[in-house]
Every structure is written in structure tokens, then in C-alpha cells.
Amino acid sequence: MERNPLRRQLQIMRKSLFDQGYLDEQFVQLEELQDESNPNFVEEVVTLYYRDSARLILNIEQALERKPYNFHKLDAYMHQFKGSSSSIGAKKVKAESTLFREYCKSGNGEGCMRCFQQLKKEYTTLRKKLEAYFQVARQAGPMETACRPK
Amino acid sequence: MSDEDIVNNNLTALVVDDSPMIRKLHEMHLKKFGLKVQVAENGKNAVDLFRCGASFNLILMDKEMPIMDGAEATKELRIMGVTSMIVGVTSLDSIFERQAFMEAGLDHCFTKPLTSENIIFLLQELNNKNNEEN
């Protein structure tokens with residue numbers, strides 16, 4: 001059990017992210033790449049993810065403003081977005097991306113719209129949680145090696 | 001190949017991807033296994049590196065990139081006589097599209113992001129390739 005209060009808080013935050021289904025195993029793979037010579041690697045990758053994916057979110061939003069929907073294009077954008085989200089272990093975001101693609105394949109425009117709103121909520125929620133997590137991580141200093149959630 | 005052999009290699013790699021996040025991720029993955037890594041933002045940059053005399057044991061090639069995509073870059077490199085191991089790393093889920101990418105001249109094709117298991121496999125393949133050439 002971690003004695004340092006900041007590190008304990010960090011452990012609790014991390015466990016919660018996994019237990020509540022926000023993150024999956026891929027995030028642990030990122031943590032395993034972090035070391036003393038790259039102590040902020042995970043945060044840097046997540047920052048790049050939010051930067052890259054903002055463009056894709058905008059592309060999808062703009063595509064959803066054009067009627068009739070180009071489901072092929074929407075699917076292609078979401079495919080890219082899903083790939084990026086998988087790379088950081090964004091589990092709920094990835095799930096909504098999969099659902100969106102199913103709606104695209106069945107030509108369900110309303111389903112796409114609803115799903116996209118939910119996806120944006122999950123995307124924003126995860127961002128806030130990760131920002132808070134990294135803020136505590138920076139204060140706590142380097143952690144021991146990543147451990148897999150039970 | 002022992003774990004020590006896997007890390008103590010003199011191998012070089014080029015990561016070709018238009019996503020800064022994927023470039024960073026794959027670069028770190030490869031560095032962890034002791035490879036010296038360079039990155040390129042698209043297929044044209046990768047081809048230009050080779051034209052300027054650079055060479056790499058391993059190329060990780062994304063498919064969907066602006067200016068020159070992975071398939072085109074792979075074909076170009078093979079026409080130039082590049083014998084490096086070229087590995088497609090793509091999020092494409094169509095079997096047809098992956099097959100077309102392989103036919104451009106890839107040695108292997110994986111779904112991104114790469115995992116440590118993928119890299120261990122590639123290092124073993126590179127080791128086998130080096131043994132055959134010597």
C-alpha cells in the first residue's frame with residue numbers, strides 16, 4: 001500500500017479510470033514504455049492524441065452538417081478516430097466509435113448523430129479525468145513500474 | 001534469440017506515419033528494444049531519405065498518409081532496390097485493402113498500434129534474415 005499521500009491518491013485515481021471502464025490494457029502498454037529518461041511519456045502521447053483527434057472530431061461535425069450524409073466519409077473519419085483512441089486505451093470512446101460505424105454501415109443518420117453526441121461526452125470526460133490524473137502525477141513524481149489493474 | 005540478443009542489436013528503423021502520436025509511440029517501442037530510430041511524416045519523406053543515401057534495417061510504414069501513401073512509397077522503395085524489411089502498420093480493416101498493401105512489397109502487415117510482441121517477432125525475423133544473408 002503506497003504511503004505517500006499523493007501517490008496513494010494517484011493509485012486510487014488510476015484504479016478508478018480502469019474500474020469505471022474509461023481505460024483499457026493499451027494504456028498500461030503506454031505506461032510500460034515510460035521510464036526515467038522519458039518520465040512524461042504517457043502524458044505527452046495523450047496530449048498528442050487530443051491534438052490529433054480534435055481535427056477528426058471537427059471533420060465529423062462538419063460532415064454531419066451536410067445532408068444527405070456521406071456515410072462512407074463519416075465511416076472513414078471515425079475509423080481513423082477509433083484507431084487513435086485505441087492507441088491510448090480510451091475504452092468508452094472506442095466503444096462509441098464502433099457503434100457510430102455500425103450506424104454508418106446501416107445508413108442510420110439519426111443513430112450517427114445521437115452516438116456522436118455521446119462520443120463527444122465520453123471524449124471530454126476522459127480528457128478532464130486524465131488532465132486531473134496527470135496533474136497529480138506531476139506533483140507525486142515518478143511512480144514505480146506500471147501494474148495491470150486486477 | 002535470447003532476450004539479451006533482442007536488446008543488444010545494432011539495428012536501425014524508420015517510422016513512417018503522418019500521426020505525431022503514432023510516430024512517438026512506435027519510436028519509443030522500438031527504442032526500448034535498442035533500435036536507433038528516425039521518423040518521417042509521409043511516404044515521400046521516406047523515399048527522399050533513401051535517395052539521399054540513408055538506409056534502415058526496418059521500416060514501419062503507415063498506409064494512409066498525405067502526399068505519398070504507404071503503398072506507393074513501398075512500391076517506390078522496392079523499385080529503387082531497397083531490401084530493408086518493410087512492415088505495414090495500418091488501421092485498415094478491409095482484407096482486400098490489406099492484401100493490396102502487402103502486394104505493394106511489404107514483408108509483413110500489422111494492425112496499429114504495434115505491441116511488444118509484434119516487435120519481438122520482427123526482431124527475430126530480422127535476425128533470421130541477417131543469418132541467411134551471411
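Which helices each supply at least two residues of the lining of the second largest pocket? They are α3 (41–65) and α4 (71–87) of chain A together with α2 (20–32) of chain B. Helices here are DSSP runs (H or I, at least four residues), numbered from the N terminus.

The model is predicted: local features need pLDDT of at least 70 and side-chain atom pairs pLDDT 80 or more, while totals for chains, interfaces and linings use all residues. Residues are numbered from 1 along each chain as its sequence is written, and chains are lettered from A in the order in which they are written.

The second largest pocket holds about 560 Å³ of space. A pocket is an open set of points on a 1 Å grid over the protein atoms alone, where a 1.4 Å probe fits, with protein on both sides within 12 Å along at least five of seven lines; lining residues have an atom within 4 Å of a point. Among the 27 lining residues, A76(A), H79(A), Q80(A), E64(B) and S91(B) are the closest to the pocket centre. α4(A) contributes the largest share, 8 residues.

α3(A) and α4(A) also pack against each other, at an angle of about 160° with axes 10 Å apart. α3(A) is therefore roughly antiparallel to α4(A) (angle over 145 degrees). Their contact (heavy atoms within 4.5 Å) includes Y49(A) and L56(A) of α3(A), and Y77(A) and F81(A) of α4(A).

Technical notes: Heavy atoms only, no water. Points joined across faces, edges and corners; volume = space filled by probe spheres on them. Axes fitted to C-alpha atoms, helices over the stretch in contact; angles between N-to-C directions. Parallel < 35°, antiparallel > 145°, perpendicular 65-115°, else oblique.
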